[in-house]
Amino acid sequence: MSGDFAFLPFIFASLMGLSILIYVVLDGFDLGIGILFPLTKDKEQQDQMIATIGPFWDANETWLVLAVGLLLVAFPVAHGIILSALYLPVFVLLFGLILRGVSFEFRAKADIRHKARWDFAFFAGSLMASLAQGFMLGIYIMGLQFTAVSIVFACLTALCLTSGYALIGAGWLILKTENDLQTQAIDWARKALWLSLIGMVAVSVASPLADPRIFEKWFSVPEIILLAPLPILSFICFAALWIVLRRLPKWGDSFSWLPFNLTMALFALAYIGLAYSFYPYVVPGQMTVYEAAAAPESLVIILIGAVFVLPMILGYTALSYYIFRGKLTELRYD
Amino acid sequence: MELDPLILSRIQFAANISFHILFPTITIALGWVLLYFKARYSFSKDQKWMDAYFFWVKVFALTFGLGVVSGITMSFQFGTNWPGFMETVGNIAGPLLGYEVLTAFFLEAAFLGVMLFGFSRVPGWLHTLSTFLVAFGTTLSAFWILVLNSWMHTPQGFEMIDGVAHATNWVGIVFNPSMPYRLVHMLLASGLTCAFLIAGLSAYRWLKNDRKPGVIAALRTGVFLGAILIPMQILAGDLHGLNTLEHQPQKVAAMEGNWDTGPNIPLLLFALPDEEARTNHFEIGIPSGASLILKHHADGVVPGLNDYAGEHPPVAPLFLGFRIMVGIGLLMLAVSWWGAWRIWRKGGISPLMARVLLGMTFSGWVATLAGWYVTEIGRQPWLVHGVLMTKDAVSDVSGGMVATTLFFYLAIYAALLIAYISVLFYLAGRRRADAPRATLGPRPEPVEAPARMPAE
């Protein structure tokens with residue numbers, strides 16, 4: 001790559017990283033609500049849970065398309081390697097996203113006698129997509145190798161990410177709902193918090209052990225001090241979440257925004273840690289973003305578009321969240 | 001048994017894209033029809049337009065959802081099944097797909113929420129604007145993907161360096177020779193698919209004695225839209241064919257089932273092409289018809305398949321697919337003009353007319369799929385015409401893995417297609433005393449009620 005354009009792979013890696021993070025937070029709470037869905041048997045509450053994400057889920061899922069699109073566009077060779085290696089989990093992810101996505105509409109429009117089936121598809125699809133994403137993360141951390149150890153580790157990250165999604169989904173419900181459903185959500189969040197904590201610690205311990213390069217990146221002398229804020233802030237977030245969730249119903253609704261935002265911060269911290277571990281590799285241990293990057297003239301063309309369009313996307317995404325702000329009211333077409 | 005990953009990957013991609021295209025084909029045009037309903041309501045304040053809007057916005061939401069989930073599958077499959085595609089032409093395909101996501105996907109997804117659920121939350125103008133932006137987004141998405149698809153048929157504006165395509169002229173890439181024809185042909189196909197869906201479902205409601213003004217308004221809109229678009233489509237299809245003749249003559253030769261280059265080539269109405277014997281069986285044709293259509297005079301020379309022996313696409317699927325598409329087009333012309341004439345002269349439709357329209361509900365799907373099969377199978381053996389062979393782009397994933405996932409895709413697609421069509425008719429058949437009010441979903445029926453009733 002010529003010197004003039006040496007910054008392009010970094011820019012695109014950052015853009016891709018940002019879209020993945022936004023996806024994980026935004027579709028994370030959608031998927032989380034799908035995972036929590038069968039925990040209540042009350043049909044009214046189930047409808048409310050869906051209604052909190054009705055106007056948003058589609059745009060949230062689009063961040064995944066953008067992330068995969070950026071991988072495809074900016075790092076075409078890596079896209080092929082990663083997705084062919086993850087052939088089956090990608091299939092499970094897609095299958096889950098199909099089930100989840102169609103259920104929103106079908107459960108509301110199909111014959112009432114078939115509603116239970118679509119409710120199950122909504123739950124099963126959300127669960128499949130979450131587990132598949134966590135599994136893919138685990139295999140990716142393990143260098144895209146399918147060994148007994150890496151598969152066990154990937155199963156662990158699958159559970160960890162799924163409980164993380166349940167946590168942020170519960171946080172979203174605490175923010176958007178009131179009364180019984182909110183109380184329920186607080187209870188779900190408390191349980192999901194512990195699973196997420198175990199999972200996050202496990203990934204943090206396993207990654208440096210799995211890859212000496214990552215160990216080197218974290219535990220050399222200046223780095224370990226510079227990076228210390230990441231784990232410290234994460235534990236502060238966990239502690240704060242634990243305290244807030246224990247007190248929440250009593251504190252009243254003025255703190256209902258806290259669990260969701262703290263979880264979001266936790267996701268961001270974990271994500272920054274992972275991104276730091278892997279950069280500059282896009283295929284772990286095999287190919288850096290600089291080696292995998294597409295031709296500069298193509299990247300420049302997309303960058304020009306992205307510079308103009310991304311602020312607009314953020315703008316009207318914010319508009320949409322503003323229009324549907326506040327506690328859930330009945331969601332209707334007219 | 002050895003499973004060939006190439007043919008399985010092709011079947012899998014064909015299954016995914018065939019399933020996917022069904023839904024955008026409806027939503028691209030339905031978005032504009034919804035905007036039309038909304039605009040008619042805004043000007044006339046006649047509730048029937050809003051009733052039509054509220055029914056069709058539900059169909060839109062359902063169709064859009066299916067389009068989204070099946071579309072995501074596509075973006076992953078480039079990597080899972082066809083890594084060679086992006087490795088070779090990623091520098092061109094990448095930006096085009098990138099622009100589709102950036103300019104179209106977010107636009108339609110974000111404003112869909114406002115369009116569906118924002119009617120009572122935002123000012124009227126913002127709701128109308130959201131409807132417009134959703135329609136605009138779906139059309140823009142069609143534009144980008146058809147640019148890419150057209151470029152795969154008529155590539156230009158690039159140079160090959162070490163086996164990888166590098167863009168040299170983006171204007172040339174975007175406005176490649178077949179793009180305007182293919183885009184117009186597809187947008188009109190979408191309009192017709194949507195027109196006949198609206199007419200067909202409304203005719204179903206009419207037959208069920210649901211003849212509220214909103215139903216009649218939608219029915220008339222569907223029939224008139226079909227009647228206006230079909231002659232335009234026949235013209236656009238003809239121009240697209242001439243463009244293909246210029247750039248991919250072997251495809252046109254296969255569509256016409258013509259083996260030997262020469263003048264006075266007949267237009268075959270029916271035949272069974274036999275690729276082994278390199279001839280047709282049971283030919284019924286109009287003398288010099290193909291020469292007249294393609295060259296505009298009877299002794300015009302039409303290219304034959306034998307000039308391209310070994311390098312032309314399979315003949316039978318193109319020949320038959322083309323005839324299915326054209327046949328449905330002619331049927332659409334007859335039905336929509338007959339319907340438009342009857343509504344115009346007699347003020348409404350007859351039960352026979354309604355049954356015919358009902359039968360034509362999904363005719364647009366069949367024609368669109370047949371047309372796409374013609375053009376895409378017609379590109380074989382190339383993935384990107386003259387640049388990349390399909391067999392060189394496939395991944396080295398095992399055939400068994402592709403077969404397994406293919407099985408599950410086919411199963412879920414079949415289930416979803418059945419569910420989609422039955423829900424459309426369920427929605428159309430459900431009658432309410434008041435205008436439909438979609439809430440969180442249908443209210444749960446009072447299941448305990450019978451138990452409380454005194455025993456007879």
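My entries follow, beginning with the ground rules.

**Conventions.** I number residues from 1 along each chain as its sequence is written, with chains lettered from A and ligands numbered from 1 in the order in which they are written. The model is predicted, so local features need pLDDT of at least 70 and side-chain atom pairs count only at pLDDT 80 or more, while totals for chains, interfaces and linings use all residues.

**Confidence.** Where in chain B is confidence lowest? I found that in helix α14 (residues 449-452), with a mean of 32, whereas helix α6 (residues 179-207) has the highest, at 94. I take helices (H or I, at least four residues) and strands (E, at least two) as DSSP runs, numbered from the N terminus. Residues 433-456 of chain B stay under 50 in pLDDT.

**Chain A.** I counted 14 helices and two strands here. Chain A is as compact as a globular protein of its length, because its radius of gyration is 20 Å, close to the 20 Å that the globule rule gives for 334 residues. That radius is taken over C-alpha atoms, and the rule is 2.2 Å times the number of residues to the power 0.38. Of the 334 residues in chain A, 55% are buried. For me, buried is 20 or more other C-beta atoms within 10 Å of a residue's own, exposed is 12 or fewer, and partly exposed is in between, with C-beta atoms placed from the backbone. I then checked helix α4 (residues 76-85) of chain A, where eight of the 10 residues are buried, among them A:His79 and A:Ile82.

**B:Leu30.** I found this residue in helix α1 (residues 5-44) of chain B. Why does B:Leu30 count as buried? Because it has 26 C-beta neighbours inside 10 Å. Beyond four places in sequence, B:Leu30 is in contact (C-beta atoms, placed from the backbone, within 7 Å) with B:Trp56, B:Phe60, B:Thr63 and B:Cys194.

**Interface.** I see 65 residues from chain B and 61 residues from chain A in the contact. On the chain B side, α3(B) gives the most, with 22 residues.

How values were computed
Contact = placed C-beta atoms within 7 Å. pLDDT = per-residue confidence, 0-100.
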